[in-house]
Amino acid sequence: EVRVISFNVRCKDDLYGSVKTRSELIASALKQYAPDSFGVQEATEEWMNILSEKLGEAYSFVGVPRDDSKNTEYSAVFYLKDKYELSDSGTMWLSQTPDVFGSKVKASSMPRIATWAVLKDKETGKTYTHINTHLDHLLEIARVEQAEILTQKIAELKKYGAVVCTGDFNSKEGNDAYCRM
């Protein structure tokens with residue numbers, strides 16, 4: 001049994017409240033549910049620092065920024081570092097050139113990424129992969145292309161065993177991107 005959570009932390013203060021207020025709510029949820037791993041979307045450098053501070057020594061994370069802009073975002077995966085050994089990890093850009101930093105599909109408003117962590121339970125030896133992403137927020141055609149690229153990566157990651165995918169898919173059930181996942 002594995003417990004996984006996903007949070008779109010929302011990169012800045014907005015109508016959903018301040019980063020400070022939301023960070024307290026997220027820290028409380030993490031303490032209550034103690035997930036084995038969790039994914040974040042819209043996590044700026046500020047958010048990554050806040051989460052690392054609030055989580056203390058319990059969690060490690062993998063992930064890189066999606067581009068080199070001032071307000072770049074991570075789609076990081078955090079995991080319980082005392083329970084899991086990180087066997088493999090990486091970040092890919094949801095584009096036709098997934099290894100090229102900052103690349104994107106033509107229709108996308110900005111670069112989008114997916115980060116994965118292959119986690120091996122130190123006690124049982126069982127492994128699962130957590131992949132986390134954030135698809136385009138404007139165009140369905142971009143989300144469809146991104147979903148197809150992501151699905152190919154998930155198929156590749158199945159070599160390690162079970163795969164769980166979290167993220168902000170910006171899609172409703174039945175939309176093309178949703179159905180391709």
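Predicted model: local features only at pLDDT ≥ 70, side-chain atom pairs only at ≥ 80, totals over all residues.
The charged end of lysine 153 sits over the ring of tryptophan 116, at 4.0 Å from the ring centre.

Four strands form an open sheet in the order β5-β6-β7-β8, and their pairing is mixed. The edges are taken by β5 (84–93) and β8 (162–168); each has a single partner strand, so one side of each is left without a neighbour in the sheet. From one strand to the next, the twist averages 15°. Strand β7, which covers residues 127–134, runs parallel to β8, and 7 bridges join the two. Within this pairing, histidine 130 has valine 164 in β8 as its bridge partner. Helix α3, comprising residues 140–157, packs on the sheet and touches β5, β6 (113–121), β7 and β8. The direction of helix α3 makes about 170° with that of β7.

A pair of aromatic rings is described by the distance of the centres and the angle of the planes. The structure holds 6 aromatic pairs. In one of them, phenylalanine 7 and phenylalanine 38 have ring centres 6.0 Å apart and planes at 85°, so this pair is edge-to-face. Phenylalanine 7 belongs to strand β1 (residues 4–8) and phenylalanine 38 to strand β2 (residues 37–41); the pair therefore ties together parts that are 31 residues apart in sequence. Both phenylalanine 7 and phenylalanine 38 are buried.

Phenylalanine 38 also pairs with tyrosine 59: the ring centres are 5.4 Å apart and the planes stand at 75°, so this pair, too, is edge-to-face. Because phenylalanine 38 lies in strand β2 and tyrosine 59 in strand β3 (residues 59–62), the pair ties together parts that are 21 residues apart in sequence. Phenylalanine 38 has a relative accessibility of 0% and therefore counts as buried. Tyrosine 59 has a relative accessibility of 10%, and it counts as buried because the limit is under 20%. Ring pairs link Phe7, Phe38 and Tyr59 with Phe61 and Phe78 into a cluster.

Two loop positions complete the account. Threonine 72 is placed in the loop between β3 and β4 (77–80). With a relative accessibility of 6%, threonine 72 counts as buried. A polar atom of the threonine 72 side chain lies 3.3 Å from the backbone nitrogen of arginine 66. When neighbours within four places in sequence are left aside, threonine 72 is in contact with Ala43, Thr44, Glu45, Pro65, Arg66 and Asp67.

Alanine 107 is found in the loop between β5 and β6. The relative accessibility of alanine 107 is 23%, so this residue counts as partly exposed. In sequence, alanine 107 and aspartate 136 are 29 residues apart, while their C-alpha atoms are 9.0 Å apart in space. Leaving aside neighbours within four places in sequence, alanine 107 is in contact with Leu139, Ile141, Ala142 and Glu145.

Technical notes: Residues numbered from 1 in each chain as written. Heavy atoms only, no water. Pairing = 2+ DSSP bridges. Axes fitted to C-alpha atoms, helices over the stretch in contact; angles between N-to-C directions. Contact = heavy atoms within 4.5 Å. Phe/Tyr/Trp six-rings, centres within 6.5 Å; stacked < 30°, edge-to-face > 60°. Buried < 20%, exposed > 50% of the residue type's maximum accessible area, 1.4 Å probe, protein only. Lys NZ or Arg CZ within 6 Å of the ring centre and 35° of its normal. Polar contact = N/O pair within 3.5 Å; in protein donor to acceptor, adjacent residues only side chain to side chain.
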